[in-house]
Amino acid sequence: MTMTDTGLSAPIVQKQRSVRRVAFSQKLSRWDLKLSPYLYISPFFVLFAITGLFPLLYTAWVSVHEWNLIGGQGDFVGVDNFAFVLSNPPFWIALRNTFSIFLISAVPQIAFALLIAAVLDRNLRAKTFWRMGVLLPYVVAPVAVTLIFSNMFGDQYGLINNLLGDLGIAPIGWHSDVLASHVAIATMVNFRWTGYTALILLAAMQAVPRDYYEAAMIDGAGIVRQFFSITIPQLRPTLIFVIVTSTIGGLQIFDEPRLYDQVGQGGANSQWMTITIYLYNLGWGQLNFGRAAAVAWLLFLIIILVGLLNVAITRTIAKAS
Amino acid sequence: MTGSGLLERRTTKRPEPHPVRSPARRRRRGLVNGQRPGWKAYGFLTAIMLGSMFPLYWSFLIGSGDASTITRQDIVWWPGGNFIDNALAVLADDSVNFWRAIGNSILVSSVVSASVVLFSTLAGFAFAKLRFRGRNGLLIFVIATMAVPTQLGVVPLFIAMSQLQLAGSVWAVILPAIVSAFGVFWMTQYLSQALPYELIEAARVDGASLIRTFWSVAMPAARPAAAMLALFIFIATWTNFFWPFIVLDRQNPTLPVALSLLQSNYFVDYSVVMAGVILSTVPLLILFVVAGRHLVSGIMQGAIKG
């Protein structure tokens, strides 16, 4: 009894003595809980606002002014920069090239990635080894990929034309021809990204319940039928994700077309000049920031438009099936 | 005799249905990917792997030859002996400050991945484990910004960097990259399932402040995801070209910018260019050999295209 008495009373005395300090530290702790979360997320929001969001929005301001690299901000010109860009052929050529390269790369890339993922989804020996094997090109920089491939796709002494020559096929103008140059550039993009996409799809494939395949088997569905009737529908959300991300990235393509030849202007006749190359040429070639900003905003709107279109199309398809 | 014979026959007959049924069962398992696939699958993957490696081999073929290799009509399939000479030529090229480029690439990639990991883990900890007003809305905002092509803000970013006297310096490359929406999303996802509330409460009961809790409880728990994030950001920064190309000076490049300068030299010797390609790729190849398995599992856990 006496033991417990002293044991109880001692802390009470102590508490009374330091009651102000306890109250203060409690208050501090409550403030800590209340304010700290905002403190922890603030670096992201502040820095993103300054270096990501603000420049993007400020682009609109620059685009309605005369603005040169050297002179800086000039007069307000309204939609003149947009009018100039939209009324001259380079923008439309760049738009055509960008979409052409994007389609030639994205469609085969996703189809091929599906095939690779389906094979990787089998019960392989040394799984990690094969998965790493398809991912290898991802660590090669786009600039390095382009320098290697633009050499292999050389019009005169390139490896590919040499091999075609051995087969008795006439050399292809990989740089001079519009479509051929798009195929070459799409090949570079796909070289780097197909394995990566395949691994994303593989992860989704492994989440498909195995019972579905068992049931389809019993119903007599073959392996191809299973792939199209089970695997593909089950992968739809992942496929949408892959399509949307490759749209956002693909429409901004710059590295590959910029380094496809030594000059970097997108070819003598703009065969492979993309929108971002055009943006760069206006801004840092002609030093006209107003027009470059107009192109940036137009591309921004195009990307949003295509993104929404993607979502709409996939929704209709989902409803239909 | 007959009886035992009958009996014996019966016992041998009884398991008969099994061997008959089992091929069907095995086939079924094969179709649901239970069985080991045949040589075709391995053959296909081997072809893909050779295809992945060939361009690198080709760049080494040219990078180890001399200026004439590239204009030969017959294809040379074996490396020459000039790689070291070509690599030294790259490093000694006055128009391209390659040593500087190596240093800059290491500096930029390290600083960016360290800061992205720190800020992402901090924000991810708050989003995953702390309650505060506006949490859901702010998190949705973070996810939405992942789809914003911020690269298109280059014009004002360049104007701002020029006014801050930072154009040409590596800080112009580092500053816009020190936070990442993807990183915040990634760490939030990981911490919400990998860090139990009990651990945080235990630390709080022990009297740890929130930042102390973050540092000694959340950070260690976040380590696997943080390492993967660092890996992806490092690779993305190392290979990034567009913005560094715009903002950096010729004499102060990163490796991709240096490669582009090598190629645009007036007299371009492709064996030297390819030696440069090899030099700039080898560090990431080493990283790939060491940490490739983590890259694979990172992608399969939901890393997105950078």
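Student: What ipTM and pTM does the model score?
Tutor: Let's start with the overall scores, since this is a predicted model. The ipTM is 0.87, and the pTM is 0.87.

Student: What is the mean pLDDT of chain B, and where is the pLDDT below 50?
Tutor: Chain B averages a pLDDT of 84, with 85% of its residues scoring at least 70. Where pLDDT is low, the predicted coordinates should not be read in detail. The stretch of chain B below 50 is residues 1-32.

Student: And in chain A, which residues stay under 50 in pLDDT?
Tutor: Chain A has a mean pLDDT of 87, and 92% of its residues reach 70 or more. One stretch stays under 50, and the model gives it one contact beyond four places in sequence. That stretch is residues 1-15 of chain A.

Student: Is helix H6 of chain A roughly parallel or roughly antiparallel to helix H13 of chain B?
Tutor: The axes of H6(A), residues 142-152, and H13(B), residues 255-263, come within 9 Å and cross at roughly 25 degrees. Angles under 35 degrees count as roughly parallel. Therefore H6(A) and H13(B) are roughly parallel.

Student: Which residues of H13(B) meet H6(A)?
Tutor: By class, this contact has five nonpolar, two polar and no charged residues. From H6(A) come Val143(A), Ala144(A) and Leu147(A). Facing them in H13(B) are Pro256(B), Leu259(B), Ser260(B) and Gln263(B).

Student: Why is H5(A) called oblique to H3(B), and which residues of H3(B) make the contact?
Tutor: The axes of H5(A), residues 127-135, and H3(B), residues 39-63, come within 8 Å and cross at roughly 40 degrees, so the pair is oblique. H5(A) passes H3(B) in a left-handed crossing. Trp130(A), Gly133(A) and Val134(A) contribute from H5(A). Their partners in H3(B) are Leu45(B), Ile48(B), Met49(B) and Ser52(B).

Student: Within chain A, is the crossing of H4(A) and H11(A) left-handed or right-handed?
Tutor: Helix H4 (residues 89-120) of chain A and helix H11 (residues 236-250) of chain A pack at an angle of about 150 degrees, with axes 11 Å apart. That angle makes H4(A) roughly antiparallel to H11(A). The crossing is right-handed.

Student: Which residues of H11(A) touch H4(A)?
Tutor: The residues of this contact divide into four nonpolar, three polar and no charged. H4(A) supplies Phe102(A), Ser105(A), Ala106(A) and Ile110(A). H11(A) supplies Val242(A), Ser246(A) and Gly250(A).

Student: Which residue in S2(A) stands opposite Trp67(A)?
Tutor: Strand S1 (residues 65-68) of chain A and strand S2 (residues 72-76) of chain A run antiparallel, joined by three bridges. A hairpin links S1(A) to S2(A) through three residues. Opposite Trp67(A) stands Gln73(A).

Definitions and conventions: Residues numbered from 1 in each chain as written. Chains lettered and ligands numbered in written order. Predicted model: local features only at pLDDT ≥ 70, side-chain atom pairs only at ≥ 80, totals over all residues. Axes fitted to C-alpha atoms, helices over the stretch in contact; angles between N-to-C directions. Helix = DSSP H or I, 4+ residues; strand = E, 2+ residues; numbered from the N terminus. Parallel < 35°, antiparallel > 145°, perpendicular 65-115°, else oblique. Contact = placed C-beta atoms within 7 Å. Nonpolar A, V, L, I, M, F, W, Y, C, P; charged D, E, K, R; others polar. Left-handed = near helix turned anticlockwise from the far one by under 90°. pLDDT = per-residue confidence, 0-100. Pairing = 2+ DSSP bridges.
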